[in-house]
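This report covers surface and ring features of one structure. Please look through the sequence and the 3D view before reading on.

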Amino acid sequence: SVISEVFGTVALRHSAGFSKVFPAVAAGACYVLAVWLMALAMRQLEMSITYAVWAASGTALTAIVGILFYEEAASTCKLLGLALVVLGVVVLNLTPRTT
């Protein structure tokens, strides 16, 4: 789900504001697939944890793709922010689950 969401975001960047048909359709398809796969994951996992992991992972991977492939800045603040996002998800996963 996260990989599909990242591909969708990359396609969205290439869609030029939805003026290029193929990247726009690819972005939409990737987002639909990402949400469908997340819905499947929620059959077994708590909603709060599933969404937090999905959103944080997607944010971190999208930022890394931007830095590595699109020459986006990799400032200390950006990298610290990404580390905090990942840390937040780790802390959420450490929380005991209630039954």
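## Basis and helix 1

Helices are DSSP runs of H or I with at least four residues, strands are runs of E with at least two, and both are numbered from the N terminus. The model is predicted: local features need pLDDT of at least 70, side-chain atom pairs count only at pLDDT 80 or more, and totals for chains, interfaces and linings use all residues. Residues are numbered from 1 along each chain as its sequence is written, and side-chain values use heavy atoms, with hydrogens and water left out.

I3 is part of helix 1 (residues 2-14). Its relative accessibility is 52%, so I3 counts as exposed (buried is under 20% relative accessible area, exposed over 50%, partly exposed in between; 1.4 Å probe, protein chains only).

Rings of Phe, Tyr and Trp (its six-membered ring) pair if their centres lie within 6.5 Å; planes under 30 degrees apart are stacked, over 60 edge-to-face, and the rest tilted. One aromatic pair is counted by this rule. Y51 and W54 form this tilted pair, at 5.6 Å centre to centre and 40° between the planes.

Y51 and W54 are three residues apart in helix 3 (residues 47-69), so about one helical turn separates them. Y51 is partly exposed at 45% relative accessible area, whereas W54 is buried at 14%.

## Helix 4

L84 belongs to helix 4 (residues 76-94). With a relative accessible area of 52%, L84 is exposed.
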